[in-house]
Amino acid sequence: MALKKEIEIIIEPKDIFVGDPDAPVTLMEFGEYENEECAKANEVVKQLLEEYEGKIKFNFRHFPLTRIHQRSMKAGEAAVAAAQDGKFWEMHNILFNNRRTLGTTSLKLHSKEAGVKNKKFLDDLVNGIYGWQVQDDLKEGIDRGVKEVPAFFINDEPFAGKPTFANLSAAIESALKKSKKKSVARQRA
């Protein structure tokens, strides 16, 4: 009698959002956890999510610059592993707050702090179980023309400029106006 192999569904980074799922504006960032500028951008994103509550949703995609930051790949895998326990955003913020301590043992400790209950977390990390998801993000970023991080997209349009609160707010306001025009045009049709 053949045993049925259990199919495990992995929650992909592209499917993990914070904010209103029906929001008219999607803010997407390609970044990594060891980068200082990404850490600063993360604080800006938190402000934007508060300021534009109900109007934007945010998606973080992994773009580890492994030539500069050797631990960024495993940190991305740790975030994906935490997502399987519903703790992506908790882990995401903890990783940024601890970006100088991202060794494998530290990642295990960070996962406990984030509330991850998976007993196989460390094994999964050591075995690179979620490496493909991080690689998929990296490949998509390259396909989208990302060369450095943080790189933002607003409703799939590349954002040019420094990711400050003022600059990203202006771009979000513009995207909100465009989405209103589209919905008015649809109502008239």
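Leu-27 has Ile-154 of strand E4 as its bridge partner. That pair belongs to the antiparallel pairing of E2 (residues 25-31) with E4 (residues 151-154), which runs over 4 bridges; two strands pair if DSSP finds at least two bridges between them. Helices (H or I, at least four residues) and strands (E, at least two) are DSSP runs, numbered from the N terminus. Keep in mind that this is a predicted model, where local features need pLDDT of at least 70, side-chain atom pairs count only at pLDDT 80 or more, and totals for chains, interfaces and linings use all residues. Residues are numbered from 1 along each chain as its sequence is written, and side-chain values use heavy atoms, with hydrogens and water left out.

Zoom out and you get an open sheet of 5 strands, ordered E1-E3-E2-E4-E5 with mixed pairing. E1 (18-19) and E5 (157-158) sit at the edges with a single partner strand each, so one side of each has no neighbour in the sheet.

Now for the helices lying on that sheet. H1 (residues 36-51) lies across E1, E2, E3 (56-62) and E4, at about 165 degrees to E2. H6 (residues 131-143) lies across E2 and E3, at about 105 degrees to E3. Axes here are lines fitted to C-alpha atoms, for helices over the stretch in contact (heavy atoms within 4.5 Å), and angles run from 0 to 180 degrees between N-to-C directions.

Then there's a helix pair: the axes of H2 (residues 72-83) and H3 (residues 88-97) come within 7 Å and cross at roughly 155 degrees. That makes the two roughly antiparallel (over 145 degrees). Ala-75, Ala-78, Ala-79, Val-80, Ala-82 and Ala-83 of H2 meet Phe-88, Met-91 and Leu-95 of H3.

How values were computed
Parallel < 35°, antiparallel > 145°, perpendicular 65-115°, else oblique.
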